[in-house]
Protein chains: 2
Amino acid sequence: MEFQSVVRARRMVRRYDPDRPVPHEILRRCLDNAVRAPSAGFSQGWDFVVLHTDPERETFWSATTSDGAPDDPWLSGIRAAPVLIVCCSHKDAYLDRYAAPDKGWTDRDEARWPVPYWDIDTGMASLLILLTAVDAGLGSLFFGVPAEQHGPVHAALQIPVSRTIIGVVALGYALPGPKSPSLRRHRRTGADVTHWGRFGT
Amino acid sequence: MEFQSVVRARRMVRRYDPDRPVPHEILRRCLDNAVRAPSAGFSQGWDFVVLHTDPERETFWSATTSDGAPDDPWLSGIRAAPVLIVCCSHKDAYLDRYAAPDKGWTDRDEARWPVPYWDIDTGMASLLILLTAVDAGLGSLFFGVPAEQHGPVHAALQIPVSRTIIGVVALGYALPGPKSPSLRRHRRTGADVTHWGRFGT
């Protein structure tokens, strides 16, 4: 697809066809594109845990939902997604990179970092996965993992404590489904968010 | 351009043609695409300060470089970029959004947030600017502002303290220039960063 069409078509999909798997070639392309994201100092502190079999995904859902939960149509639509990709950032890769001779922050002091580029860069990589899915005719969703579920997901998927889960990408073929209530909010336009010359008031 | 071509063509450009301005239509498209990024709860906590005149850009460079700095060819290549976009995240927009009735985190407690989605989402929006530039035949660069320069840039551009500068996008027509020394590092491939089923060791 044309780039501009992909950008305009991307939306969060919350209901998936459980009977149409994600072709392996498309999944690989998503991950090959993810590593094309920029990263501070080319640190590339990102990892992706791909869950594409029923038991693998069940491991994730068991760690994040309680057995007694009522049958939530919202959740069941998302649970039908045939692929989940747990997106992990790796702060140490950045601290190590910037302690290298050509950077020289040998103290590895986090106070040097005005913003967490490990999380930001992994977010950019995750966006490339979302866009690649749209380009291939699939639907995608990015959702966060509540703070209290990070421990259980780390344990269930053997994610090292050095990694931080910044969110999960769901992939699959979209079915018509509910729109997010958040969309009732006004979308800020390009003009709304642009400040010419200075921020001002 | 085709989406896949844009993803593969994107790279950080560090030398710009000072005599070719960025067409206004392309600049607007960059910002219109930026707001197509996803955001947690559709919070959209992002703002972009566009500097596209000589005095505007000089305001930024004066705040971030010392007069006595030697004539650095690297910096002079970047300084030739006809447009700078200072990308700002807005944490309060997220705390406010999630205190709304349909979310209900009325305590606005930052500890609820496992990762700073304000910074991550603004990073995704910034990536859309970079990619849109490539799609339009321009070059682009994303660079961070060192922690000690945030105060001066905030003051010079009248950026409210509620906003955090996550980085700056430079836009313009590319000239052949130096490659980042960071590129000597091995690029982690899609296969390198993918963990099937579980992270493991």
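**Exercise 1. Determine how strand 1 of chain A is joined to strand 2 of chain A, and how strand 2 pairs with strand 4 of chain A.**

*Solution.* Step 1. Strand 1 (residues 46–51) of chain A and strand 2 of chain A run antiparallel and are joined by 6 bridges. These assignments refer to a predicted model.

Step 1. One bridge can be located by residue: A:Trp46 has A:Ser89 in strand 2 of chain A as its partner.

Step 2. Strand 2 of chain A also pairs with strand 4 (residues 163–172) of chain A, again in the antiparallel sense, over 8 bridges. Within strand 4 of chain A, A:Ala170 stands opposite A:Leu84.

**Exercise 2. Characterise the packing of helix 2 of chain A against helix 6 of chain A.**

*Solution.* Step 1. The axes of helix 2 (residues 24–34) and helix 6 (residues 117–135) of chain A come within 8 Å and cross at roughly 145°. The crossing of helix 2 of chain A past helix 6 of chain A is right-handed.

Step 1. From helix 2 of chain A, the residues A:Arg29, A:Cys30, A:Asn33 and A:Ala34 take part. They meet A:Ala125, A:Leu128, A:Ile129, A:Thr132 and A:Ala133 of helix 6 of chain A.

Step 2. By class, the residues of this contact comprise 6 nonpolar, 2 polar and 1 charged.

**Exercise 3. Classify B:Asp32 as buried, partly exposed or exposed.**

*Solution.* Step 1. B:Asp32 lies in helix 2 (residues 24–34) of chain B.

Step 1. A buried residue requires 20 or more C-beta neighbours within 10 Å. B:Asp32 has 19 inside 10 Å and therefore counts as partly exposed.

Step 2. The C-alpha atom of B:Asp32 is separated by 9.9 Å from that of B:Ala125, a residue 93 positions apart along the chain.

**Exercise 4. Derive the relation between chain A and chain B.**

*Solution.* Step 1. Chain A is superposed on chain B by a rotation of 180° with 0.0 Å of shift along its axis, at an RMSD of 0.0 Å. The two copies are thus related as by a two-fold rotation axis.

Step 1. Of the interface residues of chain A, 100% are also interface residues in chain B, so the copies meet through the same surface.

Terms used. Residues numbered from 1 in each chain as written. Chains lettered and ligands numbered in written order. Predicted model: local features only at pLDDT ≥ 70, side-chain atom pairs only at ≥ 80, totals over all residues. Axes fitted to C-alpha atoms, helices over the stretch in contact; angles between N-to-C directions. Helix = DSSP H or I, 4+ residues; strand = E, 2+ residues; numbered from the N terminus. Left-handed = near helix turned anticlockwise from the far one by under 90°. Contact = placed C-beta atoms within 7 Å. Nonpolar A, V, L, I, M, F, W, Y, C, P; charged D, E, K, R; others polar. Buried ≥ 20, exposed ≤ 12 C-beta atoms within 10 Å, placed from the backbone. Pairing = 2+ DSSP bridges. Least-squares fit on C-alpha atoms with pLDDT ≥ 70 in both.
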